Amino acid sequence: MADYHFVYKDVEGASTQWDDIQRKLGNLPPKPPAFKPPPFEPAPDPDSAPKDKSWVDAKTEDELDELEDDLDDDRFLEEYRKKRLAEMKEAAKVSKYGSVMQISGSDFVREVSQAPQDVWVVVFLYKEGSPECGLLLRCLDELAIKYPATKFVKIISTECIPNYPDRNLPTLLVYHNGAVKANYVGLHSFGRRCTPEGVALVLCKSDPVLNDGQSGSEQGVLEGIRRQFIEKVVTEHEDDDEGGSSSD
């Protein structure tokens, strides 16, 4: 007669009375907890998220365009959407430069004289290999990034003005509405130390030449330039004092 061995397996997590007794006596390890699947949570639905100002702020310009029909029932959000869209388009319109652009003599009328009426244009006349021109260009590179709504261009001096003397370099010409509003001849025009802060202060001495496209007012830009210039002078003065003290 065959010898059959039958092993009974109860529902996972369940135990017999005999097992419970053996566990109390320490003959069996503690009973493992019964398996419980995690509660079901449906994936978040982006369309069901609350629609408020922060929800509109997170949208790109293309997404805001597509939302036009979806917000007809919510007058506040629709008005806010239109406001945000206008702000984004205005920011994109004014912040369109951001670097010192190289031009030639044939480009001058188009890029400078015919620039948009609300745009100030700073023209840098230079000569390759001039240390003074290189120093001023580094300052202008920084200002072009900081004030992207102002147009900065550079042109070899003799391409702009035939036979322009090298002794007058570097030279800056400031244009607005097709007319020259200011000119600065030589590096000494920007103070003893030519710094981006000093150049910015000189450019804005008479007119609001520099525009960051964000400050909201010409006065706000000018106040920021003055503050940065003062901070730069104070820092340089402190550095000079520390250098003098260490040499003693």
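Two strands pair if DSSP finds at least two bridges between them. Helices (H or I, at least four residues) and strands (E, at least two) are DSSP runs, numbered from the N terminus. Keep both definitions at hand for this tour.

This is a predicted model, in which local features need pLDDT of at least 70, side-chain atom pairs count only at pLDDT 80 or more, and totals for chains, interfaces and linings use all residues. Residues are numbered from 1 along each chain as its sequence is written, and side-chain values use heavy atoms, with hydrogens and water left out.

**Stop 1: the whole chain**

Show everything as a cartoon. The protein has nine helices and five strands. From the N terminus on, they run α-α-α-α-β-α-β-α-β-α-β-β-α-α. Of the 248 residues, 31% count as buried. Buried means under 20% relative accessible area, exposed over 50%, and partly exposed in between (1.4 Å probe, protein chains only).

**Stop 2: the sheet**

Select the strands. In which order do the five strands of the open sheet stand? The order is β1-β3-β2-β4-β5, and the pairing is mixed. β1 (100-102) and β5 are at the edges with a single partner strand each, so one side of each has no neighbour in the sheet. On average, neighbouring strands are turned by 25 degrees against each other, direction ignored.

Now take the pairs in turn. β2 and β3 pair in the parallel sense over six bridges. Find V121; K151 in β3 stands opposite. Next, look at β2 (residues 120-126) and β4, which run antiparallel and are joined by six bridges. Here L125 has T171 in β4 as its bridge partner.

**Stop 3: strand β4**

Select residues 171-176. Six of the six residues of β4 are buried, so the rest of the structure largely encloses this strand. Show the side chains. T171, L173 and Y175 point one way, while L172, V174 and H176 point the other way.

Continue to β5 (residues 179-185). β4 and β5 pair in the antiparallel sense, again over six bridges. Y175 has V180 in β5 as its bridge partner. Two residues lie between the strands of this hairpin, and N177 takes a positive phi near 55 degrees.

**Stop 4: helices α6 and α8**

Select α6 (131-146). α6 lies across β1, β2, β3 and β4, and runs at about 160 degrees to β2. Angles run from 0 to 180 degrees between N-to-C directions, and axes are lines fitted to C-alpha atoms, for helices over the stretch in contact.

The axes of α6 and α8 come within 9 Å and cross at roughly 75 degrees. The two helices are therefore roughly perpendicular (angles under 35 degrees count as roughly parallel, over 145 as roughly antiparallel, 65 to 115 as roughly perpendicular and the rest as oblique). Contact means heavy atoms within 4.5 Å. Among the residues making this contact are L136 and E142 of α6 and P196 and A200 of α8.

Which residues does V199 touch, leaving aside its neighbours within four places in sequence? They are L136, C139, L140, L143, F190 and C194.

**Stop 5: the core**

A nonpolar core is a set of buried Ala, Val, Leu, Ile, Met, Phe, Trp, Tyr and Cys residues joined through side-chain atoms within 4.5 Å. The largest one has 43 residues. Select V123, L136, L172, V199, L203 and L210, which touch the most other members. Elements giving two or more residues to this core include β2, α6, β4 and α8.
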